[in-house]
Amino acid sequence: MATFIASGGRVWRKFVKTFPLGSNLSLKRSPTSALANGRLSSTSSENVLVSKDEKSGIATVRMNNPPVNSLNTALLLSLRSCFEELEKDKSCRALILTSNKPKVFCAGLDILELYQKSPDYVGQFWEKVQDMWLSLYGSRLVTMAAINGHSPAGGCLLSLACDYRIMAEGNFVIGLNETQLDLVAPFWLRQMMVDAIGYRQAEMALMVGALYPSNKALQLGLVDKLVPIEDVQTVAEEEVKNWLKIPDQARAITKMASRKPLLDELRKRKQEDIQTFRDETTRESVQLSIQQYLDKLKAKK
Ligand SMILES: CC/C=C\C/C=C\C/C=C\C=C\CC(=O)SCCNC(=O)CCNC(=O)[C@H](O)C(C)(C)COP(=O)(O)OP(=O)(O)OC[C@H]1O[C@@H](n2cnc3c(N)ncnc32)[C@H](O)[C@@H]1OP(=O)(O)O
């Protein structure tokens, strides 16, 4: 269903569309955004909320998968569908990725998707991670991560796939802590880390599964800007507008020129990557580590 809503001088396109596994993509107003002056409607089952300002062509994509936006199958499918819809939309020029729940941007992969599942299940799950990443990292749009909270592991993956990262100041962490779960970050994730912070720092960070507080992440270049949490969205919108002063075509071609080798490499090695993930994740010792990690998370309370 697609409707157009004119409000406050801007035209808002609103549609609710059902994606596989019952996840929804809806274009709607975001409650805190300066771009937002459309009508707000919401249902609790929607795991991705999207608002798009037709005039500027800036879309805000809010992950809405309580309690911590862990990337389960449904959220991965919704994110991918959403990125692909926006990619096809000729009037869309930029995408801001953020969390609908401040304080946690994304807790990474849903650990339960990796625990006590069949090799086929985890293989299919991993393919959804790959496909979501291919659509975000390979996007022609300006992509901005508005990291309004913790961003470990898969959260860091999402952030690294964007063109620019703005993070909330304070006691929030970001990084690739895979080794802490006895997992090994795949080559395309490791490469993004190297590209962001350089070989030596990435090598150390990946080996020890480091999670950095936001000020250290800024120092390393893992994020590009730190702002108070309440300003993350506004500053992201301002930053996007600066990027949009550059002609889209030249910017997008330049982006593709630098990202194509890694995109092509994963496309070529997709099945091998899935096989490795299946084998590694279902290994008994890894399952034990995942179980212990889950217990540790629960015991935190
Ligand atoms: C080819 C490659 C081959 C092999 C290699 C394989 C894999 C490597 C590639 C990629 C791997 C990616 C790995 C991941 O992304 S694994 C996920 C890692 N994530 C984390 O370590 C973060 C864990 N969570 C936290 O630290 C915290 O929850 C927080 C800081 C994000 C938020 O803290 P809060 O205090 O706000 O919330 P909590 O009380 O801790 O959590 C609430 C609730 O949610 C549950 N939960 C948290 N995170 C996850 C998660 N990632 N998955 C599932 N569930 C999660 C937590 O247990 C609580 O549940 P209950 O309320 O107790 O039921």
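Trainee: What percentage of the contacts in the chain with a separation of 6 or more comes from residues 24 or more positions apart?

Mentor: Such residues account for 69% of those contacts. Two residues are in contact if their C-beta atoms, placed from the backbone, lie within 7 Å. Please note that this is a predicted model, in which local features need pLDDT of at least 70 and side-chain atom pairs count only at pLDDT 80 or more, while totals for chains, interfaces and linings use all residues. Residues are numbered from 1 along each chain as its sequence is written.

Trainee: Why is Ala-153 called buried?

Mentor: A residue is buried if 20 or more other C-beta atoms lie within 10 Å of its own, exposed if 12 or fewer, and partly exposed in between. Ala-153 has 26 C-beta neighbours inside 10 Å, and therefore counts as buried. Of the 301 residues of the chain, 46% are buried.

Trainee: Is Asp-182 buried, partly exposed or exposed, and why?

Mentor: Asp-182 has 18 other C-beta atoms within 10 Å, so Asp-182 is partly exposed.

Trainee: Why are α3 and α4 called oblique to each other?

Mentor: The axes of α3 (residues 154–161) and α4 (residues 187–197) come within 10 Å and cross at roughly 60°. Angles under 35 degrees count as roughly parallel, over 145 as roughly antiparallel, 65 to 115 as roughly perpendicular and the rest as oblique. The two helices are therefore oblique. Here axes are lines fitted to C-alpha atoms, for helices over the stretch in contact, and angles run from 0 to 180 degrees between N-to-C directions.

Trainee: Which residues of α3 and α4 make the contact?

Mentor: Leu-157, Leu-160 and Ala-161 of α3 meet Leu-189, Met-192, Met-193 and Ala-196 of α4.

Trainee: Where is there a cis peptide bond?

Mentor: Pro-66 and Pro-67 are joined by one, with omega about 5°. Pro-67 lies in the loop between β5 (58–63) and α1 (73–88).

How values were computed
Helix = DSSP H or I, 4+ residues; strand = E, 2+ residues; numbered from the N terminus.
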